[in-house]
Amino acid sequence: MKKLLEGSQAIAQIINRCKPGVVSAYPITPQTHIVEDLAKLKADGEAEYEFVRTESEFAAASVVLGASAAGTRTYTATTSQGLLLMLEVLYNIAGLELPVVMTCANRAVGAPINIWNDQQDAMTVRDTGWIMLFAKNIQEAVDLHLVAYKVAEGINQSVMVNMDGFYLTHTMEEVNIPEQTNVDRFLPKFKPVDFLDVKNPKTFGYLATQKEYQEIRLQLHEKVKNSRSLIIKTMKDFKNSFGRTLEPVSTYKTAGAKTVYVCMGSIYGTAKIAVDELRKSGKPVGLVAINMFRPFPDKEILAVLSKMKKVIVINRAVSLGAEGILTTEIKKALYGKCKVKIADEIVGLGGRNVSVEDIKNLLV
Amino acid sequence: MAKYKNNNLLFPGHTACAGCGQNMTAIHVINAFGPNTIVSDATGCLEVTTTKYGESAWNVPYIHSLFENPSAVASGILAALKSRKQENKKTTNQESEMPNVVVFAGDGSTFDIGFGLLAGMFERRENITYICFDNEGYQNTGAQASGSSPLGTETTTTPIGKMSWGADQQKKNMVAFAVSMGAVYVATSTAAYPKDIENKIRESMKYQGPKYIQILVPCVPGWGIDPSKTVEVARLAATTGFYPVLEIINGDVIKVLKTSALKPKIEDYLALQGRYKHLFKNDEGKKIIKKLQKICDANIEIYGLCPTCEEHQILMQYRDK
């Protein structure tokens, strides 16, 4: 049944239905409504998780690290400065191969301080070993959390679901929150294999020297790259169970297009309208959205973009001194394989509104 | 090689220096907790010397995450255990036993970089025992000063020179901090008293809530001591009154270890250690020694460390034997 829900409220409800054992988070705009709602669900006796209130994001990430190592399903959420404060722990969670799931309500990073949306936070932690998914709308954000848990626990690797701060966390949409029985069927009870168990004592977080470190890290690199097949399979399973389509890369009107926009996140909605209007005026343009950023969907991107003459990459984050971060990723996927022109466009930083006209103007 | 039985929970071995105060103490600590224990350890010598890839010496479940977060990791473990216990009760209708959750961390992690996270753990009133192995500096990285380094200590970041006589700060009072944060059980000891440490750990397990035990563990290379002198140095730290050995329950000092009938002076403690050698060389150093003796005297006064006449007689009998 569809309900009119705020994005954050929808996330809190689906997280509760995923039945984590431990939830720990620290408040930061625009993630706050998610943790407030999770705290309220607990206060109302509608949730069974242990809710651990911490004194920082660093502690919250450490709490879910410990809880995951002790064999429970865990959840945390943050954004921006909070995500950056967590950075050291994020590397550790991924390196320890713990199936932690978190939501990042994407926001700009200071200075200057700015609480509004772009994707600089998530892009900054892209090398940590976390699988990173991006939602285009609230429904997708809800659905991706189910996929996230299933993938995380399927291969023991952490997954971050990204949703644009305010645009998706603070707006309302008609959302379908899957029924508990259907969630339980799709996502069975978590059965950890290796965990901190007094009956079977194991050591987590050992010291690796020059002899072993490189192999261990490269194995992790392969593991994250190879996670794509499980992610794609899980997205298909999701469609079979719930009827809604999830895919690593979405395309819109790419058939017959000579130029495509590439974007990530909620800007897809605005870009669709821009493409519709440009098509009406006879311009052969299309649109591509990246929904799976780590591992990067090289194959899918190449399949679509190699047919184009020009690609306009809409970046919401910059590697200062280099270029838009998504542009670099697209170039990497295409390098040596096709001759398409790539335009690096940086828009909408710190919540600057990007209108349909703005997107249309990028074509020139 | 003949097999021999060893029931230590930190076994078969570690790669620490000969005479390491920390690792010999850690064996007593973990044995006192027993096998029904989960350890969350900070980065440091204890971790480095016991968990080399494929060669873990821990016979209890053990996790090392980062330098500053063992307290928050322990909070997560405890929350997970509670959740699993609840789940187990629902499915089997049986109460399962909760393991002990303990933190091991050095003074660098405890006094400095992990201070905020430790405060968070205390604030949450969780049933976790935090053990600080205090060797008064960042010994693992080459003897730099921490918030625990006493006044006048020569370290690699408080070197002696024309303008410097070592650390110019007083040791941070973490015991008072733990008490002020409402830790239900707070105790100190030194590597010289393994039985005292074991007894305190067993005693601490009777209390529900956050517990803090700080143990002075001499570091052979960092302190510049002879490997055979670890215990002697650790004993003198207590018997001079410089490192008072205490047991504080719900904020009240319940027990103290009395200073020795021999009435050792701070010089006896300092003279065995290379990190204080410079204090004996000139008047400036001697001024610092006086200040350190004042710290001892104040501790003896505040905590009542001086033996009573009766205790004195008993102690003297031991001395004569």
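**View 1. An open sheet of nine strands that includes a strand of chain A.** In this predicted model, nine strands form an open sheet with mixed pairing, and their order is β9(A)-β2(B)-β1(B)-β3(B)-β4(B)-β8(B)-β7(B)-β9(B)-β10(B). The edge positions are taken by β9 (203–204) of chain A and β10 (252–256) of chain B, each of which pairs on one side only. Within the sheet, strand β7 (residues 185–190) of chain B pairs in the parallel sense with strand β8 (residues 211–216) of chain B, over six bridges, and B:Thr190 is placed opposite B:Leu216 in β8(B). Helix α3 (residues 70–92) of chain B packs on this sheet, where it touches β1 (37–41), β2 (62–64), β3 (100–106) and β4 (129–134) of chain B, and the direction of the helix makes about 170 degrees with that of β3(B).

**View 2. The join between β9(A) and β2(B).** The strands β9(A) and β2(B) run parallel and are joined by two bridges. Here A:Thr203 stands opposite B:Tyr62, a residue of β2(B).

**View 3. The contact between chain B and chain A.** In this contact, 37 residues of chain B meet 36 residues of chain A. On the side of chain B that touches chain A, two or more residues are given by each of β1, α2 (45–48), β2, α3 and α5 (115–123) of chain B. Of these elements, α3(B) gives the most, with 12 residues. By class, the side of chain B that touches chain A has 20 nonpolar, 13 polar and four charged residues.

**View 4. Helices α3(B) and α5(B).** The axes of α3(B) and α5(B) cross at roughly 35 degrees and come within 7 Å. From α3(B), the residues B:Ser71, B:Ala72, B:Ala74 and B:Ser75 meet B:Leu117, B:Leu118, B:Gly120 and B:Met121 of α5(B). The residues of this contact divide into five nonpolar and three polar, with no charged residue.

**View 5. The open sheet of seven strands in chain A.** Chain A holds an open sheet of seven strands with mixed pairing, in the order β3-β2-β4-β5-β7-β6-β13. At its edges stand β3 (50–53) and β13 (292–294) of chain A, and because each has a single partner strand, one side of each is left without a neighbour in the sheet. On average, and with direction ignored, neighbouring strands of this sheet are turned by 20 degrees against each other. The strands β5(A) and β7(A) pair in the parallel sense over six bridges, and A:Met102 stands opposite A:Met160 in β7(A).

**View 6. Helices α1(A) and α7(A).** Helix α1 (residues 7–17) of chain A and helix α7 (residues 138–155) of chain A have axes that come within 9 Å and cross at roughly 20 degrees, so α1(A) is roughly parallel to α7(A), given that angles under 35 degrees count as roughly parallel. The crossing of α1(A) and α7(A) is right-handed. In the contact, α1(A) contributes A:Gly7, A:Ala10, A:Ile11, A:Ile14 and A:Ile15, while α7(A) contributes A:Ile138, A:Ala141, A:Val142, A:His145 and A:Leu146. By class, the contact of α1(A) with α7(A) has eight nonpolar residues, two polar residues and no charged residues.

**View 7. The two domains of chain A.** The domain assignment divides chain A into domain 1 (2–242) and domain 2 (249–361), and the C-alpha centres of domain 1 and domain 2 of chain A lie 26 Å apart. Their contact takes 27 residues from domain 1 of chain A and 20 residues from domain 2 of chain A. On the side of domain 1 of chain A that touches domain 2 of chain A, at least two residues each are supplied by α6 (120–124), β6 (131–134), β7 (159–164) and α9 (213–242) of chain A, and α9(A) gives the most, with five residues. The residues on that side of domain 1 of chain A comprise 13 nonpolar, eight polar and six charged.

View 8. In chain A, a cis peptide bond with omega of about 5 degrees joins A:Thr29 and A:Pro30, and A:Pro30 lies in the loop between β2 (22–25) and α2 (32–43) of chain A. In chain B, a cis peptide bond with omega of about 20 degrees joins B:Phe11 and B:Pro12, and B:Pro12 is placed in the segment before α1 (21–33) of chain B. A:Glu97, although not a glycine, has a positive phi of about 55 degrees, and A:Glu97 is found in the loop between α5 (87–95) and β5 (101–106) of chain A.

Technical notes
Residues are numbered from 1 along each chain as its sequence is written. Chains are lettered from A and ligands numbered from 1 in the order in which they are written. This is a predicted model: local features need pLDDT of at least 70, side-chain atom pairs count only at pLDDT 80 or more; totals for chains, interfaces and linings use all residues. Domain bounds come from an automatic or database domain assignment. Two residues are in contact if their C-beta atoms, placed from the backbone, lie within 7 Å. Helices (H or I, at least four residues) and strands (E, at least two) are DSSP runs, numbered from the N terminus. Ala, Val, Leu, Ile, Met, Phe, Trp, Tyr, Cys and Pro count as nonpolar, Asp, Glu, Lys and Arg as charged, and the others, Gly among them, as polar. Two strands pair if DSSP finds at least two bridges between them. Axes are lines fitted to C-alpha atoms, for helices over the stretch in contact, and angles run from 0 to 180 degrees between N-to-C directions. Angles under 35 degrees count as roughly parallel, over 145 as roughly antiparallel, 65 to 115 as roughly perpendicular and the rest as oblique. A crossing is left-handed if the near helix is turned anticlockwise from the far one by less than a right angle, and right-handed if clockwise.
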